[in-house]
Amino acid sequence: MKATILPEKKDHFPVLLTELLSIISPQYGGTFIDCTFGQAGYTKKILEFPKTKIIALDRDIQCERIAELVSSKFENRFLFKNLRFSQLTNLKLKKENIRGVFFDLGYSINQIKDKKKGLSFDHSGKLNMQMGLNDFSAHEVINKLDKVELTKIFKFFGEEKESKKIASNILKERKKKLLETQDLVKIINYSKKNKYSKINNSTKIFQALRIFVNKEISELIDGLIGASKILKKDGVLAVVTFHSIEDKIVKYFFKSLAEKKSISRYMPSIKEDDTIFKLEKKKPILPSKEEIFINPPSRSAKLRYVIKKKDIFEFKTDIRDKFKNLLEIEDFSKKL
Ligand SMILES: C[S@@+](CC[C@H](N)C(=O)[O-])C[C@H]1O[C@@H](n2cnc3c(N)ncnc32)[C@H](O)[C@@H]1O
């Protein structure tokens, strides 16, 4: 058992870092794509291995500042692009031997602390929730979408039991004024039957809005497809998820492209030779007790990975059909 790598800074804890390193083996060198650069937790550690190169992306332009610092230290081995997962295949990578692509989903501590991003229910002012490169904000969602649409967003993206009541009260209150962050918090608090649950009353609704505003479902699906295309034979695709919707998508995608029997009735059975991934572990890797003690939010993290079996760059997947209901909810944004 390898010892958990402890964080360098008090406030930033790259989740499941030891476990990720043991999967991607940076000691052998090679090019890796960090799709969620954030505060460079993974990137900086990997670049400590001399023969590695990192291409990092993040939708948040604020990461550019940290990217400049990394770049000054590892000039020839690091490149940052302000892009979304769905733009992964825009990278010109034909000549690169990509040994690993990884995602650490969700948001960083810097983003939650940033009042302008309005991700936290503790903030005042307008709702926002845009992580970067977005088309609309949570302010428009709350003040413009109808009751059915809001109910579905809260129910399917937040798994909130009182979705309908909360949506109904939002519509009632917004007749009086445009709703801001603390108006929404008040509405959620007075709408909930069980006012004293273990988690904050607003957690699920705020999660739902963040997923909707950042189109996290299609971003993840497009990111997984893009990553699978650019990886070379024996390359590793690894994803750290933080909530059940993300984990379901990753689990299904990996399983469906690794099993020889099709797991969907919409797709014909796949011949063994046609499967593009090897799934070494069916169960996800979870943080150690030690990591959870140091960084409690890591308790919901799950790491899944697959290994690419051959150089196939085009393949069929039914992932969009499988999660059609969620993608249809995301499409409510076309009205905004
Ligand atoms: C949990 S943080 C990553 C932390 C990073 N692993 C570290 O150790 O510093 C997630 C990052 O992913 C970025 N992100 C989330 N969704 C994205 C998307 N669709 N495209 C690009 N970046 C995204 C966020 O902006 C955030 O900076």
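Helices here are DSSP runs of H or I with at least four residues, strands are runs of E with at least two, and both are numbered from the N terminus. The model is predicted, so local features need pLDDT of at least 70 and side-chain atom pairs count only at pLDDT 80 or more, while totals for chains, interfaces and linings use all residues. Numbering starts from 1 along each chain, as its sequence is written.

View 1. Ser 256 is buried, because 20 other C-beta atoms lie within 10 Å. The cut-offs are these: a residue with 20 or more other C-beta atoms within 10 Å of its own is buried, one with 12 or fewer is exposed, and one in between is partly exposed, with C-beta atoms placed from the backbone. Look also for Phe 313, which is 57 residues from Ser 256 in sequence and 16 Å away in space, C-alpha to C-alpha.

View 2. Stepping back, the chain has 14 helices and 7 strands. Domain 1 takes in 17-108 + 216-322 and domain 2 takes in 135-213, with bounds that come from an automatic or database domain assignment. Their centres, taken over C-alpha atoms, are 31 Å apart. Of the 336 residues, 43% count as buried.

**View 3. The shell around the ligand.** Here 21 residues surround the ligand, and the closest are Pro 14, Thr 36, Gly 38, Gly 41 and Asp 104. To count as near, a residue needs its C-beta atom, placed from the backbone, within 6 Å of the molecule. The shell is made up of 8 nonpolar, 7 polar and 6 charged residues. Nonpolar means Ala, Val, Leu, Ile, Met, Phe, Trp, Tyr, Cys and Pro, charged means Asp, Glu, Lys and Arg, and the others, Gly among them, are polar.

**View 4. The buried face of helix α1.** In α1 (residues 17-24), Leu 17, Glu 19, Leu 20 and Ile 24 are buried. Seen down the axis of α1, these residues fall within an arc of 160 degrees, so they line one face of the helix. The arc is that of the directions from the helix axis to the C-beta atoms. Packed against them are β1 (30-34), α2 (41-47), β4 (98-104), β5 (236-241) and β7 (302-308). After α1 comes Ser 25, with a positive phi near 45 degrees.

**View 5. The buried face of helix α8.** Which residues of α8 (residues 181-191) are buried? They are Thr 181, Leu 184, Ile 187, Ile 188 and Ser 191. Down the axis of α8 they fall within an arc of 125 degrees, so they line one face of the helix. Their packing partners are α5 (138-144), α7 (163-173) and α9 (203-213).

**View 6. Lys 126 and Leu 133 in one loop.** Lys 126 is found in the loop between α4 (109-113) and α5, and Leu 133 has its place in the loop between α4 and α5. Lys 126 counts as partly exposed, with 16 C-beta neighbours inside 10 Å. Beyond its neighbours within four places in sequence, Lys 126 is in contact (C-beta atoms, placed from the backbone, within 7 Å) with Gly 118, His 139, Glu 180 and Thr 181. Leu 133 has a positive phi, near 55 degrees.

How values were computed. Contact = placed C-beta atoms within 7 Å.
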